[in-house]
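I opened this notebook to keep track of what I looked up.

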Amino acid sequence: VAKHLGRNRFSYFTPVLQENAQKRMRLVNDLRDALASEQFRVYYQPIVELATGDIHKAEALIRWMHPRRGMVNPAEFIPLAEETGLIVEIGDWVLRQAMHQVKRLQASHHRGFQISVNKSPVQFHNDNPLKAAEWLSEMRQNGLQASSLVVEITEGVLLDDNGNVKDRLLASRDAGIQLAIDDFGTGYSSLAYLKKFDIDYLKIDQSFVNNLGTQSDDMALCEAIIVMAHKLGLKVIAEGVETEQQRDLLKRAGCDYAQGFLFSRAIPAEELEALLLQNRA
Ligand code: C2E
Ligand code: MG
Ligand code: MG
Ligand code: MG
């Protein structure tokens with residue numbers, strides 16, 4: 001039947017599109033194998049407290065060491081993982097890695113060390129209702145407090161009409177796991193949600209940080225976000241800080257934390273531990 005319909009209907013299916021589709025399918029297949037073949041790594045990007053220079057937090061960022069293609073960016077495979085639902089398993093794996101890592105860092109470096117983990121809307125959709133409770137009990141068994149982990153979500157999750165998403169977000173929140181709004185300022189910021197979900201951190205998107213010092217509008221935006229967040233009792237983390245000037249302007253504006261290439265890229269766990277030791281000395 002397909003062959004019969006084929007000719008005319010798919011004449012627009014050019015070799016380029018076909019090649020893309022094949023590439024995509026290969027990537028999906030590779031993605032299915034990647035967890036079992038241990039091709040994923042979790043890297044950690046330090047988050048610096050601006051007032052002191054201390055590092056008591058880090059963000060977990062996944063990396064895929066593809067056997068043929070080398071390191072594949074999350075931007076290339078997270079969307080596919082979301083579409084195929086593989087993100088649920090991958091996300092659990094990242095969370096478990098982060099849990100073990102935060103335990104080590106609390107023992108070796110700082111009792112209050114926190115690791116934040118990104119969680120996509122698809123993961124919330126697929127969570128079973130007891131997920132938060134299950135994680136909490138696994139954390140307890142590992143001697144960890146719920147506040148050892150922070151879940152990063154984008155504004156879109158808060159605006160999701162699906163009741164389940166809200167319930168699961170609140171369940172996670174009620175279990176004591178802290179919440180951060182990632183890429184703040186790029187989505188539809190319904191500020192009412194900041195109160196409703198009792199958010200802990202706002203992460204200023206790097207697009208507002210990039211031009212600090214050259215574009216006065218961006219400075220005004222950052223300042224306004226910081227003032228508003230503080231009035232609501234939230235801490236602010238600036239993303240994508242690459243220059244000393246950006247760091248100084250943010251510090252002067254009262255921003256609490258910063259992460260970016262100025263301090264460090266996302267690095268393997270052992271390198272983070274070395275960097276923390278060096279930072280302490
Ligand atoms: P994100 O959560 O907003 O993470 C910040 C991204 O900015 C990271 O890219 C980080 O490497 C990059 N970055 C940090 N500092 C700088 C800087 O100074 N300059 C520039 N130009 N970039 C900087 P990465 O690791 O490629 O991750 C991209 C996105 O993929 C993340 O954005 C997040 O949305 C998603 N992602 C990463 N890991 C996971 C994961 O485990 N689960 C899920 N669901 N999403 C993930
Ligand atoms: Mg993030
Ligand atoms: Mg971000
Ligand atoms: Mg709070």
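I began with the rule for a disulfide: a pair of cysteine sulfur atoms within 2.5 Å. By that rule I count zero disulfides. I looked up Cys222, which is in no disulfide; its nearest cysteine sulfur belongs to Cys255 and is 7.7 Å away. Cys255 is in no disulfide either, with the sulfur of Cys222 as its nearest, 7.7 Å away.

I noted the basis of the model next. This is a predicted model, in which local features need pLDDT of at least 70 and side-chain atom pairs count only at pLDDT 80 or more, while totals for chains, interfaces and linings use all residues. Residues are numbered from 1 along each chain as its sequence is written, and side-chain values use heavy atoms, with hydrogens and water left out.

Are the two cysteines buried or exposed? I took buried as under 20% relative accessible area, exposed as over 50%, and partly exposed as in between (1.4 Å probe, protein chains only). Cys222 is buried, at a relative accessible area of 0%. Cys255 is buried as well, at 5%.

I turned to salt bridges, meaning a side-chain nitrogen of Lys or Arg within 4 Å of a carboxyl oxygen of Asp or Glu. How many does the structure hold? I find 13 salt bridges.

One of them joins the side chains of Glu83 and Arg24, at 3.0 Å from N to O. Glu83 lies in helix H3 (residues 74-84) and Arg24 in helix H2 (residues 15-36), so I logged a link between distant parts of the chain, 59 residues apart. Helices here are DSSP runs (H or I, at least four residues), numbered from the N terminus. Glu83 is exposed, with a relative accessible area of 54%, and Arg24 is partly exposed, with 40%.

I then looked up Lys131. Its side chain meets that of Asp92 in a salt bridge of 3.2 Å, N to O. This pair too links distant parts of the chain: Lys131 is in helix H6 (residues 131-141), Asp92 in helix H4 (residues 87-108), and they are 39 residues apart. Lys131 is buried, at a relative accessible area of 11%, whereas Asp92 is partly exposed, at 22%.

Lys131 also forms a salt bridge with Asp127, where the closest N and O atoms are 3.9 Å apart. Both Lys131 and Asp127 are buried. Which residues do the shared partners join into one network? I wrote down Asp92, Lys119, Asp127 and Lys131.

Notes
Chains are lettered from A and ligands numbered from 1 in the order in which they are written. Helices (H or I, at least four residues) and strands (E, at least two) are DSSP runs, numbered from the N terminus.
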